[in-house]
Amino acid sequence: MKKQFNRMKQLANQTVGRAEKTEVLSEDLLQIERRLDTVRSICHHSHKRLVACFQGQHGTDAERRHVFNLL
């Protein structure tokens, strides 16, 4: 996913340089911007899920059942 992001960023940088010469590429820039927004949102959601996984849940089901049985 990081490679795709870097490719899109590089393509956007190249396209911006060419966009000054022609106005036809504005459609391409919009498409790239949409793709980058999608990649950003996917990265954001993936990061949130990974953080949640690394932090772990407060008490797994087995632990909860064990505590409940002790009561």
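Aspartate 37 has a relative accessibility of 42%, so it counts as partly exposed; that label covers the range between buried, under 20% relative accessible area, and exposed, over 50%, with a 1.4 Å probe and protein chains only. Arginine 40, at 48%, is also partly exposed.

This is a predicted model, where local features need pLDDT of at least 70, side-chain atom pairs count only at pLDDT 80 or more, and totals for chains, interfaces and linings use all residues. Residues are numbered from 1 along each chain as its sequence is written, and side-chain values use heavy atoms, with hydrogens and water left out.

Back to the pair. Aspartate 37 and arginine 40 form a salt bridge, with their closest N and O atoms 3.2 Å apart. The term means a side-chain nitrogen of Lys or Arg within 4 Å of a carboxyl oxygen of Asp or Glu. The whole structure has 1 salt bridge.

Now H2 itself. Helices here are DSSP runs of H or I, at least four residues, and strands are runs of E, at least two, numbered from the N terminus. H2 covers residues 26-55 and spans 43 Å between its first and last C-alpha. Its buried residues are Ile32, Leu36 and Val39. Glycine 56 follows H2, with a positive phi near 75°.

The chain has 3 helices and 0 strands. Of its 71 residues, 13% are buried.

Last, confidence. pLDDT, from 0 to 100, is the predictor's confidence in each residue. Its mean is highest in H2, at 90, and lowest in H3, at 58. Where pLDDT is low, the predicted coordinates should not be read in detail.

Key:
Expected span 1.5 Å × (residues − 1).
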